[in-house]
Amino acid sequence: MIGFPVLIGLFLLFVPIWNHKGERAASRRPWAIAMASLSVIMIGALWWEGQNSPWSPNFEAQPLSEKVVGAASGPVFTGAQLFHNKGCLNCHLIQGDGGRRGPDFDLHRR
């Protein structure tokens with residue numbers, strides 16, 4: 001996932017060095033201008049979507065309260081603490097607490 005894009009990027013950087021002949025005027029290279037413009041638009045659109053997405057993780061999620069967990073001790077309470085300590089609550093939504101990336105859980109639904 002990392003190596004292939006890096007190789008492609010290096011290849012694209014060195015193409016003008018290897019092949020330095022030919023037309024350089026932008027008006028004579030419409031495909032190059034179109035591809036560069038499309039790349040900028042795609043990167044900008046993905047960045048904008050990522051910044052405005054409602055399903056982003058909540059890295060400041062507070063531990064679940066005893067009212068939400070339904071227990072003050074025992075294995076259920078220990079599981080809720082573990083769920084928070086391992087960072088699961090950053091993405092998963094439990095009765096309004098947590099992130100919006102993962103599936104939500106209803107602890108009182110059985």
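**Close-up views of a predicted model**

View 1. By the rule used (a disulfide is a pair of cysteine sulfur atoms within 2.5 Å), the count comes to 0 disulfides. Take Cys88: its closest cysteine sulfur is in Cys91, and at 8.5 Å that is too far for a bond. Cys88 is partly exposed, with a relative accessible area of 29%, and Cys91 is partly exposed too, at 24%. (Buried means under 20% relative accessible area, exposed over 50%, and partly exposed in between, with a 1.4 Å probe and protein chains only.)

This is a predicted model, so to speak of local features takes pLDDT of at least 70, side-chain atom pairs count only at pLDDT 80 or more, and totals for chains, interfaces and linings use all residues. Residues are numbered from 1 along each chain as its sequence is written, and side-chain values use heavy atoms, with hydrogens and water left out.

**View 2. Here is the largest nonpolar core, 9 residues in all.** Such a core is a set of buried Ala, Val, Leu, Ile, Met, Phe, Trp, Tyr and Cys residues joined through side-chain atoms within 4.5 Å. Its members are Ala61, Leu64, Val68, Val69, Ala71, Ala80, Phe83, Leu89 and Ile94. (Helices, H or I and at least four residues, and strands, E and at least two, are DSSP runs numbered from the N terminus.) Leaving aside neighbours within four places in sequence, Ala80 is in contact (heavy atoms within 4.5 Å) with Leu64 and Val69.

**View 3. Asn90 sits in the loop between α4 and β1 (93–94).** Asn90 is buried, at 18% relative accessible area. Not counting residues up to four places away in sequence, Asn90 touches Pro57, Asn58, Phe59, Ala61 and Gly99.
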